[in-house]
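Please walk through the structure shown below, taking a helix pair to begin with and then an annotated site.

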Amino acid sequence: MLLRSLFRAVIMGPPGSGKGTVSSRISESFGLQHLSSGDMLRANIKAKSELGLLMKSCIDQGQLIPDDVMSRLILASLREMEQSSWLLDGFPRTVAQAESLDSVFTVDTVINLDVPFETIKERLTSRWVHLSSGRVYNTDFNPPRIPGLDDVTGEPLTQRDDDTPETVTRRLKAYETQTQPVLEYYRSKGVLATFTGTETNKIWPHVHAFLAKKIPQSQQVRGGV
Ligand code: G5P
Ligand code: MG
């Protein structure tokens, strides 16, 4: 039997650094399945499950969901994608989460979007999202074709409850204390690739060139940047 080689990647970066935006481009160019922890949590909240309520209170306060809850949720989804190449966005966010991922899957590469905090704040207050697909817009950077409506479905866009200036400050703090140590964890394993900049359109060609070398040609959907 011919085994297809799988590619497993993680994308990291502070809130608003462009993980969702870059992930969409990676999925489109390289065919990796995009799994966003934040999108999964928001789907649970929308479904009004009991767990969803607990999650909402954490997210709205800019705090992380407990590691055991988060790892269970993500690893269950990844087990269903065993035959796929994937890109994880927003997980792991603590060293404990990275260790639990490592105990089941080998991560081939970790893309780290290194975007200064000053750049991020104003981006988030002008972000609009299509909740069910995770598509992300911005009134300045990538506005929808029709204001307030998703380009693909025509459904209304919404703003995230955690995109207020106060909550963004708390999310950046949580990133500094809990998530930055994960970068060191992956650096010591030799899989961390950092891309520094203030504009996604300038960072993206570098990410594209890097992945084009890493991902088997047979798996790439199209080569353009
Ligand atoms: P999320 O959902 O993972 P964050 O905070 O990590 O949330 P976020 O906010 O989704 O990250 P992003 O995906 O990095 O940001 O960025 P994006 O959406 O692509 O871009 C942000 C905005 O900037 C968009 O409007 C975009 O259009 C615009 N933009 C992009 N590039 C540019 C540019 O070059 N210029 C300009 N002007 N604009 C640009 O997690 C949310 C919460 O869920 C919980 C936590 O509570 C977390 O706070 N959570 C977890 N808790 C524990 N463990 C985990 N693993 C968890 N995962 C999620
Ligand atoms: Mg995101």
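This is a predicted model: local features need pLDDT of at least 70, side-chain atom pairs count only at pLDDT 80 or more; totals for chains, interfaces and linings use all residues.

On the α5 side the contact is made by Val 95, Ala 98, Glu 99, Leu 101 and Asp 102, and on the α7 side by Pro 181, Val 182, Tyr 185, Tyr 186 and Lys 189. By class, these residues comprise 7 nonpolar and 3 charged, with no polar ones.

Ser 100 also lies in helix α5. Its relative accessible area is 19%, so Ser 100 is buried, the cut-off being under 20%. Not counting residues up to four places away in sequence, Ser 100 touches Ser 71, Leu 75 and Phe 91. With Ser 71 there is a polar contact between the two side chains, at 3.0 Å.

The second region comes from a record. An unreviewed UniProt entry places the feature "binding site" at Gly 16, Ser 17, Gly 18, Lys 19, Gly 20, Thr 21, Arg 127, Val 136, Tyr 137 and Thr 200. These positions are spread over 185 residues of sequence but cluster in space, with a largest C-alpha distance of 14.5 Å.

Ser 17 sits in the loop between β1 (8-12) and α1 (19-30), and Gly 18 lies in the loop between β1 and α1. Ser 17 is buried at 2% relative accessibility, and Gly 18 is buried at 11%. The side chain of Ser 17 reaches the backbone oxygen of Pro 14 at 2.7 Å. Leaving aside neighbours within four places in sequence, Ser 17 is in contact with Leu 113, Val 115, Ile 120 and Arg 123, and Gly 18 with Leu 113 and Arg 123.

Terms used. Residues are numbered from 1 along each chain as its sequence is written. Chains are lettered from A and ligands numbered from 1 in the order in which they are written. Side-chain values use heavy atoms; hydrogens and water are left out. Contact means heavy atoms within 4.5 Å. Helices (H or I, at least four residues) and strands (E, at least two) are DSSP runs, numbered from the N terminus. Ala, Val, Leu, Ile, Met, Phe, Trp, Tyr, Cys and Pro count as nonpolar, Asp, Glu, Lys and Arg as charged, and the others, Gly among them, as polar. Buried means under 20% relative accessible area, exposed over 50%, partly exposed in between (1.4 Å probe, protein chains only). A polar contact is a pair of N or O atoms within 3.5 Å; within protein, one must be able to donate a hydrogen and the other to accept it, and residues adjacent in sequence count only if both atoms are side-chain atoms. UniProt positions are given in the numbering used here, feature names are shortened, and annotations may be inferred rather than shown by experiment.
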